[in-house]
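Good morning, everyone. Please look at the screen while I walk you through the pockets and the ligand.

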Amino acid sequence: MYVLGIETSCDETSLAIVENGKNVVCNIISSSSNLFTNRGGVIPEVAARNQVQALPPILNTILEQYTINAIAYTKEPGLQSSLLVGRTAAHIAASVLQVPLVPVHHTHGHLDSIYLDLQDAIQFPVLSLSLSGGHSELWLRTSATDQTLLGRTRDDAIGEAYDKGAMLLTLPYPGGPSIATAAELGSTDAYSFSLPMRSDPTLDFSFSGLKNALRLHVASLTAAELETEKSNLAASYQHALNSHVLNKLERALANNMEIQEIHLVGGVAANKDLRTKITSMCGSLTLRVPSKIEYCTDNGAMIAASAYVRTLNRA
Ligand code: KG4
Ligand code: ZN
């Protein structure tokens, strides 16, 4: 079964075809993030205008080349005008082609990005960390379709903390990759950040305190000092954000001894330091991350996979 997945929840316009929820036939991603490099974040109406222009030619190219059996689109959450572009295109195409239309929750899309290119079977139960610009969540998955939310951020998402942190450090948007690159040249213990919620018994996260601590460190420096200290600040900040995630993951594992696998998904799953930290904590547990970096950040393939795994494969 060929499923067309359409993802337009933020600044990406991504259309993909995935066969039987796993094999990625094509995954086209057009992003307007370059328009927001020095703006610190996405401007919703600019993103949506861009998507109105970008989507039709991609859809035409795909429909000329492939016969599709179903269409999936991101229904929520996201920027309203951007979601509307994808939803409208999906509705029109499904009606013209007379194929089933499947609305997909963006979070399910990220959770199911693990199925893309999957070679073996997932062993449940799974702890799934979904970390992006819009959310930071810890899920317990007991099957392909059943999951319970164990914890989530009480304030900013971790990706947001990366993006806002980059703005404070005058590094370009998106902040995650900028901070990760700058951090390579810095020292993780150059600046101290006290980790949030150390004695909190829940599995919730909080990232805004770390962002404010970075703001104070930056405010204590002159512009010239900030230039020379940028990589040290980036390394220490990245280390603190990721260590907070690790603390919560450790607690979740201690509470759920039966866990078979850990999944790390969402845009922040692209972060190398976080992957390394989790890998060394995992021990004998399997850590799965999306098979390609482009399946971590927003993409149409994960939406198609999710529609297949949760709906079409069960119809
Ligand atoms: O999943 P995603 O593409 O969009 C949302 O659903 O939000 O995630 C985007 C987020 C941005 O905040 C971006 O800074 C972050 O993922 N990100 C990273 C990295 N690559 C992208 N954060 C840390 N390290 C990275 N290498
Ligand atoms: Zn996302």
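The lining of the largest pocket has 13 nonpolar, 19 polar and nine charged residues. In that count, Ala, Val, Leu, Ile, Met, Phe, Trp, Tyr, Cys and Pro are nonpolar, Asp, Glu, Lys and Arg are charged, and the others, Gly among them, are polar.

A word on the source. This is a predicted model, where local features need pLDDT of at least 70, side-chain atom pairs count only at pLDDT 80 or more, and totals for chains, interfaces and linings use all residues. Residues are numbered from 1 along each chain as its sequence is written, chains are lettered from A and ligands numbered from 1 in the order in which they are written, and side-chain values use heavy atoms, with hydrogens and water left out.

Now, what is a pocket? Rolling a probe the size of a water molecule over the atoms shows where empty space is left. Here, the search uses a 1 Å grid over the protein atoms alone and a 1.4 Å probe; a pocket is an open set of points with protein on both sides within 12 Å along at least five of seven lines, and lining residues have an atom within 4 Å of a point.

Back to the largest pocket. Its volume is about 1100 Å³. That volume is the space filled by probe spheres set on the grid points, which are joined across faces, edges and corners. The lining comprises 41 residues, with Ser132, Gly133, Asp163, Tyr173 and Pro174 nearest the centre. α3, α4, α5 and α8 (272–282) each give two or more residues to this lining. These elements are DSSP runs, numbered from the N terminus: helices are H or I with at least four residues, strands are E with at least two.

Look at Pro174 again. A cis peptide bond joins Tyr173 and Pro174, with omega about -5°. Pro174 sits in the loop between α4 and α5.

What takes up the space of the largest pocket? Ligand 1 does. A molecule sits in a pocket if more than half of its atoms lie within 2 Å of the grid points. Around ligand 1 there are 19 residues, and the closest are Gly133, Asp163, Gly176, Asn271 and Asp298. To count, a residue needs a heavy atom within 4 Å of the molecule. This shell has six nonpolar, 11 polar and two charged residues.

Next, polar contacts, meaning pairs of N or O atoms within 3.5 Å. A polar side-chain atom of Asp163 is 2.7 Å from an oxygen of ligand 1. For the side chain of His110, the distance from an N or O atom to a ligand 1 oxygen is 3.1 Å. Gly134 uses a backbone N or O atom, at 3.2 Å from an oxygen of ligand 1. On its own, ligand 1 has 560 Å² of accessible area, and the protein covers 89% of that. Those areas come from the Shrake-Rupley method with a 1.4 Å probe.

Now the second largest pocket, at about 150 Å³. Which helix gives the most to its lining? α1 does, with seven residues. α1 (44–65) and α2 (80–97) each supply at least two. The lining divides into nine nonpolar, two polar and no charged residues. Leu55, Pro56 and Ile92 are among them.

Notes. A polar contact is a pair of N or O atoms within 3.5 Å; within protein, one must be able to donate a hydrogen and the other to accept it, and residues adjacent in sequence count only if both atoms are side-chain atoms.
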